[in-house]
Amino acid sequence: MQSLSIISGGQSGVDRAALDVAMELEVPCGGWCPQGRLAEDGTIDARYPLKETATTDYTQRTQCNVEDSDATVVVYFDQLEGGTKLTVEFCHQAHKPMLLIDANAQGFSVAVDRLLDFIRDYKPHRLNIAGPRASKQSAAYAYTKALLTACLTQLQITLMATKPTADA
């Protein structure tokens, strides 16, 4: 967990939730966003530590985040479409580990356990989080924030429990 960082593209919805959780839990974060910090809800706030791609094309941002990560988690709701589907295609092309979480197809605790197992199995240093923007799925932000908060909090608790004490 100490070396885990979260990367995402900064778009409203899943991406923004991932960055917010990382910043709240003091987990290193970053990623790529389109030139001009473009997002559907305007300019991405400067507090998000994102690098800008050379163009305003969302596709380039998506590809850069997949390529710069060790693994990707894709949160979606019933079907893959748009940039979320493109993320899956880029993961396949780059032969990168990927976890698909259909928020509507499984219970929340199952999703948390699957994400914890994925992180423990692949031990990524840079974990890309991707999924639909807020205008495509109104529950994207809240679901992703709850999922990552539960998962990262559990990983932090586990890390604290396994650290040797000064008395040891």
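**Entry 1: the pocket**

I started with the largest pocket, which holds about 430 Å³ of space. I noted what a pocket is here: on a 1 Å grid over the protein atoms alone, it is an open set of points where a 1.4 Å probe fits, with protein on both sides within 12 Å along at least five of seven lines, and a lining residue has an atom within 4 Å of a point. Grid points are joined across faces, edges and corners, and the volume is the space filled by probe spheres set on the points.

Before going on, I wrote down that this is a predicted model, where local features need pLDDT of at least 70, side-chain atom pairs count only at pLDDT 80 or more, and totals for chains, interfaces and linings use all residues. Residues are numbered from 1 along each chain as its sequence is written, and side-chain values use heavy atoms, with hydrogens and water left out.

By class, I get 8 nonpolar, 13 polar and 5 charged lining residues.

**Entry 2: Arg133**

I looked up Arg133 next, in the loop between strand 9 and helix 5. It is partly exposed, at 25% relative accessibility; the cut-offs are under 20% relative accessible area for buried, over 50% for exposed, and partly exposed in between (1.4 Å probe, protein chains only). Leaving aside neighbours within four places in sequence, Arg133 is in contact with Gln11, Ser12, Gly13, Glu40 and Tyr58, where contact means heavy atoms within 4.5 Å.

Asp57 caps the N-terminal end of helix 2, with a side-chain oxygen 3.0 Å from the backbone nitrogen of Thr59.

From helix 3 I picked Thr87. Thr87 is buried, with a relative accessible area of 5%. Among the residues Thr87 touches are Thr62 and Val66, along with Thr72, Val74, Asn128 and Ala130.

**Entry 3: the core**

The largest nonpolar core has 36 residues, and Ile6, Val73, Leu115 and Leu127 have the most contacts inside it. Such a core is a set of buried Ala, Val, Leu, Ile, Met, Phe, Trp, Tyr and Cys residues joined through side-chain atoms within 4.5 Å. Helix 1, strand 7, strand 8 (98-102), helix 4 (108-122), strand 9 and helix 5 (140-162) each supply at least two of its residues. Helix 5 gives the most, with 7 residues. I also checked Val73, which touches Leu99, Ile101, Leu115, Phe118, Leu127, Asn128, Ile129 and Ala130, not counting residues up to four places away in sequence.

**Entry 4: Ser8**

Ser8 sits in the loop between strand 1 and helix 1. Is Ser8 buried or exposed? I have it as buried, because its relative accessibility is 0%. Its side chain makes a polar contact with that of Asp15 (3.4 Å); I count a pair of N or O atoms within 3.5 Å, where within protein one must be able to donate a hydrogen and the other to accept it, and residues adjacent in sequence count only if both atoms are side-chain atoms. A polar atom of the Ser8 side chain also lies 2.7 Å from the backbone oxygen of Ile129.

**Entry 5: loops**

Asn104 is in the loop between strand 8 and helix 4 and is partly exposed at 46%. Its side chain makes a polar contact with the side chain of Asp78 (3.0 Å).

Glu26 has a phi of about 60° and is exposed at 73%. His95 has a phi near 55° and is exposed at 71%.

Conventions
Helix = DSSP H or I, 4+ residues; strand = E, 2+ residues; numbered from the N terminus. Nonpolar A, V, L, I, M, F, W, Y, C, P; charged D, E, K, R; others polar.
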